[in-house]
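Here's a quick briefing to read alongside the model.

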Amino acid sequence: MSAPTTPTGVSDIVHRKRRGAELFLLVLALAVGIGAYAAVGLGVEGELPGDMYGYSAWLAALAIGAHVVVRLTAPYADPVLLPVVTALNGLGLAMIYRWDLARETGYSTKQLTWTTLGVVLFAMVLLLLRDHRRLQAYTYTTGLAAIVLLLLPLAPGLGKTINGARIWIGIAGWSFQPGEVAKVLLVIAFAGYLVLHRDALALAGRRFIGIDLPRMRDLGPILLMWLISLGVLVLQRDLGSSLLFFGLFLVMLYVATERPGWLVVGSLMFVSGAALASQVYSHVQTRVEGWLDPFSDTDTYGQIVEGLYGMAWGGLVGRGLGQGDPWRIPFAYSDFIVAAVGEELGLTGLMALIILFGLIVERALRTALICRDGFGKLMATGFGIVFALQVFVVVGGVTKLIPLTGLTTPFMSHGGSSMIANWVVIGLLLRISDQVRRPLPDVRPLEMDDATQVVKLR
Amino acid sequence: MNTPIRRLAVACMVLFLALLLNASYVQYFQADELNDRSGNRRVLDAEFSRKRGPILVAGRQVAESVKSDDQFEYQRRYPTPFKYAHATGFYSYLYGFSAVESSQNQILSGSDPRLFVDRFLDMLSNSQPDGGQVSLTLDPRAQTAAFDGVQALGSGTEAAVVALEPSTGRILAMVSNPTYDPNLLASHDIAAVERSWRRLNDAPGNPLFNRAIQETYPPGSTFKLVTAAAALESGDYDPDTMVPGGAELDLPQSSATLPNSGGGTCGGEEVTLTRALEVSCNVAFGAIGLDLGDDALRETAEKFGFGSRYLQGIGGQAVSQFPSDIDQPQTALSAIGQFDVRASPLQMALVTATIANGGQGMVPYLVDEVRAPDLSVLEKTSPEELPDRALGASEANALTQMMVEVVDQGTGTTAQIPGIKVAGKTGTAQSSPERPPYAWFVSFAPADDPQVAVAVLVEDAGVERDLISGSGLAAPIAKAVMEAVIGQ
């Protein structure tokens, strides 16, 4: 907190590249992913998975490839993010493979394909986008694209309803959740808009019940963008994403304007909105009841009950990979993958997992702190908050801290859209952190040198 | 913009801290509770795959786990199913556990914390030790005598027998009939188990139900022992005190009268207390009840264990009751074990055992000792006294003599054992005209050095109404049980 900073918030610390550290951590992360994969095979079938070597080589190639791209295109980027994400992704793949073995499904192969695509997109972001500030030019384009993406599932013929939520589109047998990508685009759009209008939003306007309300023409466009996306999600019955977008917008507004009043107003709006929703929508009521007393009806709330049973069964150190019964938990390969980790790796494993996610958030916010431009600051904050809220909502839901709302666990849940969107986010974060950790170009002001002499005229 | 970002970082830390704390709560503090929930298939599957400890009676296994080659590694087996069903209980994948299988589940399944002593590594690896073994207090000869005695009345007979060791409270026999075969419920053939379960639940007489401890009945004349104890304790009565013995007793506050069961007198307008017990004189005990008052009766009954739950080693005990807020006619009826007095066979066995033990009741218990898989003793139950002494030693001695007279020349002659002094009391309780009366017999022997106290209840033996009596139906069973214990 008390690091020496100049009034602009730019640290005087000269950052090192730390690529060697990243490589070392990356090897550890690969050991986690590959080791978990091997342990699942040993635990379930008593032997190493048949494709052990091919799988390991593929995962290692992806990680090392990503590392090389970072080394070449973003040498000053944060060294912790890539290894953390690699470990999470590897562990997620192993848990999905575990489900496949128990239920004879083929999710892990699909997930590996999506992972590959995610890493490729991650590399493309770093290769093609050499300065994150260029994204600021596309503020309205990205905002519009986000809304179009969100609306896509409502399109007849294209959209699909899976498990009660119409948030999917299906093309040629592959399902895709455009909301995951919209999330990234919205962060960029919010950041671009807010950085331009932050002064107007913060200063111009009227004071009303102790809160400075901005002028409508400043707030209007972004409020509209936000309302549309929120409305669409409510129509699609996607509670988790509605919550995520709401929180994201509020937080970014707060950071941009430095007015805590927004948080107060927003929280009040959230509470009243949630109360209203729980009255109006039966599916919201079900979620709340399932949270208050899931054991009252173990058929309806079987998922959360089985998740709790699984975690209790795992105890402090877990049953061991491949040795628990996570296949009893419905959707233990996607929404409830955290419960599966809790069962097989125990409280120890689950805590490690939560801390890994915490590290991503911490790294994103740290990048935001030392960022020199407002746009990058807001974007990094936005991404950090997206991770924080997403992890809190999904892990909190599964462990019965808060009512359950469907959200994916970043880098772990089975699902392509979430996977590639999150890899792109990591690419963007690395791009920003490379920018901010890179030493400033050595531009000393020209001195009054010898060439300029005082010439006497007389 | 850095101040808000820093605050956000703190807020995020709080969120993640909440996640960590909540995960700890679920996986550590709440874990036992979640694991104990009946719908938790994980725990059940694991238990079914483990070698569950045996239940022993006098060193022989009455419940054991044997290797199985189906979906589970072990199969629970009950070698003497019907005789010990209500003591062992059943162990079913679908319908849970009962009796000792349930009350001692932690030991039998190996999840008891005492089995983890010095086995920290086991705890770390979540592996569980094998199940420990549970030895019951039952005496196989007493149990066999009780079981055979009840079966002799017909396999559908609704009856219960409880035998206690008066000086310790050990349960020597516990039989409830109709009984069932727990193997049918422990089977791994799920469909067959479902069929058996339905059949057992629809069966007449409810075989799954343990009449010996889980239900209370009107104790009838056997309750006169409690009334007599209260009389002797009051100091106003001794065995030779003259009490009313006429044909009927005028009940105060009403026009009703209380007659003797035969209709005649008890041998005169006034008889001794001993004689009154000998012939089970309703008029005499009704009068004593009125004289002592309902509070004195209730107090004595509670010292004998009415109104409390004391049974150890097995769950489901029904609490016996002496009614509260009663008027004088109701007091007179309660004094002879009618009206709303209710007692389980276990309770009447305890009353008898308490008199046999010089007036001090001992807490009845079914589990003798519990051993780890390596046979080291984890816990041995030591006899415990009931909180209050029911009556003094000399009063208990006097009451014993009175009970000996009952067997020698009173209503209980069918329980006589040659060469042994037996103390007993019959009872035939009417609950309603629609159903047959309950036949009771309680006794202990030898009277001068009691080794066994028995209570027998025959609820419905399918015999003619006129043939139902405590001495006719119940006493021979009690006799057989006493002989089995003393004969050793």
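The lining of the largest pocket in this predicted model splits into 34 nonpolar, seven polar and four charged residues. For these classes, Ala, Val, Leu, Ile, Met, Phe, Trp, Tyr, Cys and Pro are nonpolar, Asp, Glu, Lys and Arg are charged, and the others, Gly among them, are polar. The pocket holds about 1,400 Å³ of space.

Some ground rules: this is a predicted model where local features need pLDDT of at least 70 and side-chain atom pairs count only at pLDDT 80 or more, while totals for chains, interfaces and linings use all residues. Residues are numbered from 1 along each chain as its sequence is written, chains are lettered from A and ligands numbered from 1 in the order written, and side-chain values use heavy atoms, with hydrogens and water left out.

**The largest pocket**
- A pocket here is an open set of points on a 1 Å grid over the protein atoms alone, with protein on both sides within 12 Å along at least five of seven lines; a cavity is a set where a 1.4 Å probe fits but cannot get out, and lining residues have an atom within 4 Å of a point.
- Points are joined across faces, edges and corners, and a volume is the space filled by probe spheres set on them.
- There are 45 lining residues, and A:Ser242, A:Leu243, A:Phe246, A:Phe270 and A:Ala274 lie nearest the centre.
- Two or more lining residues each come from helices H7 (216-235), H8, H9 (261-280), H10 (282-292) and H13 (374-398) of chain A, plus helix H1 (2-29) of chain B.
- H9(A) gives the largest share, 10 residues.
- Helices are DSSP runs (H or I, at least four residues), numbered from the N terminus.

**Cavities**
- The structure has five cavities of 30 Å³ or more.
- The largest has a volume of about 90 Å³, and its lining includes A:Leu59, A:Asn89, A:Thr115 and A:Trp423.
- Helices H2 (52-73), H3 (81-103) and H4 (107-128) of chain A each give two or more residues to that lining.
- Seven nonpolar and four polar residues line the largest cavity, with no charged ones.
- The second largest cavity contains about 70 Å³, and of its 12 lining residues A:Gly179, A:Glu180, A:Lys183, A:Ser241 and A:Phe245 are closest to the centre.
- Its lining divides into five nonpolar, four polar and three charged residues.

**Cores and a buried serine**
- The largest nonpolar core has 146 residues, with A:Ile360 and A:Ile426 making the most contacts inside it.
- Helix H12 (residues 337-370) of chain A supplies the largest share of this core, 17 residues.
- A nonpolar core is a set of buried Ala, Val, Leu, Ile, Met, Phe, Trp, Tyr and Cys residues joined through side-chain atoms within 4.5 Å.
- A:Ser418, in helix H14 (residues 416-437) of chain A, counts as buried because its relative accessibility is 3%; the cut-offs are under 20% for buried, over 50% for exposed and partly exposed in between (1.4 Å probe, protein chains only).
- Beyond neighbours within four places in sequence, A:Ser418 is in contact (heavy atoms within 4.5 Å) with A:Glu180 and A:Thr408.

**Where the chains meet**
- 34 residues of chain B are in contact with 53 of chain A.
- The two chains bury about 4,000 Å² between them, 70% of it from carbon and sulfur atoms; buried area is the accessible area (1.4 Å probe) lost on putting two parts together, summed over both.
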